[in-house]
Amino acid sequence: RPSASPPTRAGRIRLELDPGLVASAPPGMQRVVLAVPMGLRSVADLAQHLRRRLASGSSSLPPIVLAVDGFLLPPAQLLVDVLRDGDIVSATHASAVFGNLGG
């Protein structure tokens, strides 16, 4: 009997943070390896998890977008479908990517 929800793959990601994303982060923390919690299923879940982890104190981060090899990861995509071993995920402010689309 097929499961109603796809399996999650716990593991880790190699993450490259845009320097402007976390201004207070030490230079060595812009490239990190992070564990991916089991409950995360979609790219949007991962982006939200990263926002919570990267927020310092009570300040909150603006929305972030994730990409692999310069290609944006659509928020609705399942992590198991778009991430592969060895991928380096880059994270940046959504406004840096979509800011100029408004004309």
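Analyst: In this predicted model, strand β3 (residues 64–68) and β5 are joined by five bridges and run antiparallel.

User: Which strand is joined to β5 by four bridges, and do the two run parallel or antiparallel?

Analyst: That strand is β1, and it runs parallel to β5 (residues 88–93). Within this pairing, Leu-17 has Ala-91 of β5 as its bridge partner.

User: How should I picture the side chains along a strand?

Analyst: In a regular strand, side chains alternate between the two faces of the sheet.

User: Is His-93 buried or exposed?

Analyst: His-93 counts as buried because its relative accessibility is 17%, and the cut-off for buried is under 20%. Leaving aside residues up to four places away in sequence, His-93 touches Gly-20, Leu-21, Pro-62, Pro-63, Ile-64 and Val-65.

User: How many salt bridges are there, and which side chains meet in a salt bridge?

Analyst: The count is one salt bridge. The side chains of Arg-31 and Glu-16 form it, with 2.4 Å from N to O. This pair links distant parts of the chain, 15 residues apart: Arg-31 belongs to strand β2 (residues 31–36) and Glu-16 to strand β1 (residues 11–17).

User: How exposed are Arg-31 and Glu-16?

Analyst: Arg-31 is exposed, since its relative accessible area is 57% and the cut-off for exposed is over 50%. Glu-16, at 29%, is partly exposed.

Terms used. Residues are numbered from 1 along each chain as its sequence is written. This is a predicted model: local features need pLDDT of at least 70, side-chain atom pairs count only at pLDDT 80 or more; totals for chains, interfaces and linings use all residues. Side-chain values use heavy atoms; hydrogens and water are left out. A salt bridge is a side-chain nitrogen of Lys or Arg within 4 Å of a carboxyl oxygen of Asp or Glu. Buried means under 20% relative accessible area, exposed over 50%, partly exposed in between (1.4 Å probe, protein chains only). Two strands pair if DSSP finds at least two bridges between them. Contact means heavy atoms within 4.5 Å.
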